[in-house]
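Here are some exercises to work through with the model open in your viewer. Try each task before you read its solution.

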Amino acid sequence: MLNLLLIPNKKNRFKPYLIRKFAVFVYTLIFAFVNFAPDFLFDSIPAASASSITSEKLVELTNVERRKYGLKELTVNSRLSSAAKAKANDMLLKQYWDHFGPSGETPWQFIEGADYKYIYAGENLAKGFSSAEGVHLAWMASQSHRKNIISGKFNEIGIAVVSGNLMDEEVVLVVQMFGNQTSEIQQASVKSVTEENFDEYQSIENGQIKSISIDYPAEGDVLTDPKARVQGVVDFEGRLPEYEVEVYSDDKAVGTVKSDNVNWEAEAEYDWSEGEHEVSASILGNSDISRSVKFTVDTYPPLVYDHDIFVRQLSADLKRKEGGAPYLWDVSVRVYEEVEDISIVVNDEIFTLKQIDDNQFQSQIEISGENGNLVESAVLMVSDSVGNIAEIDVTEKFLSDHVRDDAGVFMKAASFVTKAFRSVTVRSWINIGLAIFILALLIFEVYFYNKIGKLADNSMFLFFIGIWWLLIVFSIVVGFDGDTLQTGVIESVAQINSLP
């Protein structure tokens with residue numbers, strides 16, 4: 001049977017079944033299905049790489065929930081993000097899944113380790129999910145997790161999403177840290193005016209809306225969420241009728257929303273672009289227009305170039321020091337724009353870099369423990385004044401220049417391969433596997449046709465299969481979303497089918 005599938009011979013008329021026209025057609029269908037099938041078909045595959053969870057999406061979902069309760073949105077704090085990253089790394093390093101570690105580790109020690117001076121703090125954990133929406137809904141279904149999300153005690157947030165092996169299972173860990181560095185507590189206002197017990201004071205007839213105003217964003221605000229919604233209130237007389245608000249940006253309508261209470265919230269039809277915007281709102285059928293509000297959208301994290309990050313081990317002896325003394329490293333970062341804070345999370349420890357001049361941050365860090373000279377994970381966290389955070393993986397900088405023996409080279413290669421594997425999605429694994437299989441099959445057939453002296457007779461057929469394979473690979477690399485690529489694949493299949 002294997003001869004019929006792979007090896008050209010008289011029984012299969014020198015056309016192995018695995019490279020016949022029908023086989024090529026089946027391969028094409030498989031590629032099409034894998035790349036165009038709905039995402040939910042792959043959600044059940046238990047692989048960490050299939051996750052679509054991002055910290056940005058979770059922050060957005062959290063703030064949407066808080067707005068429903070009349071609470072202010074949480075702002076991202078880079079030190080809370082560093083604390084969340086360190087907690088996730090600690091769970092992977094020590095193989096536990098809990099708010100408290102096996103040696104008494106607490107959420108607060110990671111927050112304090114990030115030099116975050118909190119009055120109130122909280123933590124949510126999640127694993128085993130493949131989407132941010134799934135994580136958020138699970139948290140909201142849990143009373144203790146929901147309490148953190150809609151707590152008036154918190155005004156800042158930091159989230160880490162880390163993939164790794166936890167207790168022999170490839171998972172995505174999500175750590176959500178909440179904090180407040182002041183004693184100020186917000187009061188939730190979940191009820192609107194129409195839900196309060198004001199019936200005896202309201203007219204039985206619909207009244208008139210007197211004015212409309214925008215509450216959020218406020219004048220001069222800098223927003224980091226390009227999907228931010230415009231919120232406001234109306235003033236009215238009598239019984240409040242249902243009304244429709246239209247929001248304008250630079251004199252162009254960008255969104256509408258209907259409401260039947262004093263509060264309204266409109267979502268723009270498209271994401272806000274970078275830069276300054278001026279918005280106003282009006283009620284359809286009413287000549288009143290709100291006062292315009294100017295705000296700025298800034299979603300770009302600070303830019304740090306790889307060649308401006310320097311890591312140097314200060315100890316000349318690369319072997320572990322006697323007595324368990326920590327290893328000392330010098331970390332320096334040069335920046336060319338204003339940044340608020342720079343920290344580095346190494347394994348499960350957090351270090352804050354000090355600013356030594358206008359564009360230079362530097363610190364000497366001590367990495368303790370059994371793995372003091374074995375850096376499994378190092379992430380540089382650079383934030384600006386509005387909360388945009390750049391997360392830069394600098395693990396290789398702790399290896400490339402300082403670990404020079406054969407084992408070090410092996411560790412560096414293993415680290416690179418591991419990270420590459422974790423970044424590949426389930427779809428990509430199937431694409432890559434099938435592409436490698438077809439390439440190996442093509443090489444195998446060329447070898448056997450040449451061996452039996454029939455390579456020239458089948459060269460055209462093999463040539464078109466090669467062209468088809470190259471188009472498939474190119475489509476995998478750039479994405480199956482171009483008419484030219486799709487047309488090329490279809491035409492190559494047609495050419496193969498036209499051959500004898």
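Strands here are DSSP runs of E with at least two residues, numbered from the N terminus. Keep in mind that this is a predicted model.

**Exercise 1. Locate G179 and decide whether this residue is buried or exposed.**

Step 1: Find the element. G179 sits in strand β4, which spans residues 170-180.

Step 2: Apply the cut-off. Buried means under 20% relative accessible area. G179 has 0% relative accessibility, so this residue counts as buried.

**Exercise 2. Take K117 and find which side chain meets it in a salt bridge.**

Step 1: Check the partner. The side chain of K117 meets that of D115, at 3.1 Å from N to O.

Step 2: Classify both ends. Exposed means over 50% relative accessible area, and partly exposed lies between that and the buried limit. K117, at 58%, is therefore exposed. D115 comes out at 31%, so D115 is partly exposed.

**Exercise 3. Describe the salt bridge between E123 and K87, and say which elements the pair links.**

Step 1: Get the distance. The N to O separation between these side chains is 2.9 Å.

Step 2: Place the residues. E123 belongs to strand β2 and K87 to helix α5; they are 36 residues apart, and the pair links distant parts of the chain.

Step 3: E123 is buried because its relative accessibility is 6%. K87 is buried too, with a value of 0%.

Step 4: Recall the general idea. Side chains of opposite charge can pair when their charged atoms come close.

**Exercise 4. Which residues of the largest nonpolar core touch the most other members?**

Step 1: This core has 26 residues, and A83, I111, V175 and M177 touch the most other members.

Step 2: Elements that give two or more residues to this core include α5 (78-94), α6 (107-113) and β19 (378-383). The top contributor is α5, with 7 residues.

Step 3: In soluble globular proteins, nonpolar side chains tend to be buried together.

**Exercise 5. Find a negative patch and a nonpolar patch on the surface.**

Step 1: The negative charges gather at E219, D250, D251, E276 and E278. Among them, D250 lies in the loop between β8 (243-249) and β9 (252-259). Its relative accessible area is 48%, so D250 is partly exposed.

Step 2: The nonpolar patch is made of M460, F463, I467 and L470, with about 380 Å² of accessible area together. M460 is in helix α11 (residues 459-478). With a relative accessible area of 47%, M460 is partly exposed.

Conventions: Residues numbered from 1 in each chain as written. Predicted model: local features only at pLDDT ≥ 70, side-chain atom pairs only at ≥ 80, totals over all residues. Heavy atoms only, no water. Patch = residues over 30% accessible without salt bridge, like charges linked within 9 Å, V, L, I, M, F, W, Y side chains within 5 Å. Areas by Shrake-Rupley, 256 points an atom, 1.4 Å probe, with all protein chains shown as cover. Salt bridge = Lys/Arg side-chain N within 4 Å of Asp/Glu carboxyl O. Lys, Arg positive; Asp, Glu negative; His and termini not counted. Charge placed at Lys NZ, Arg CZ, Asp CG, Glu CD. Helix = DSSP H or I, 4+ residues; strand = E, 2+ residues; numbered from the N terminus. Buried < 20%, exposed > 50% of the residue type's maximum accessible area, 1.4 Å probe, protein only. Core = buried A, V, L, I, M, F, W, Y, C linked by side-chain atoms within 4.5 Å.
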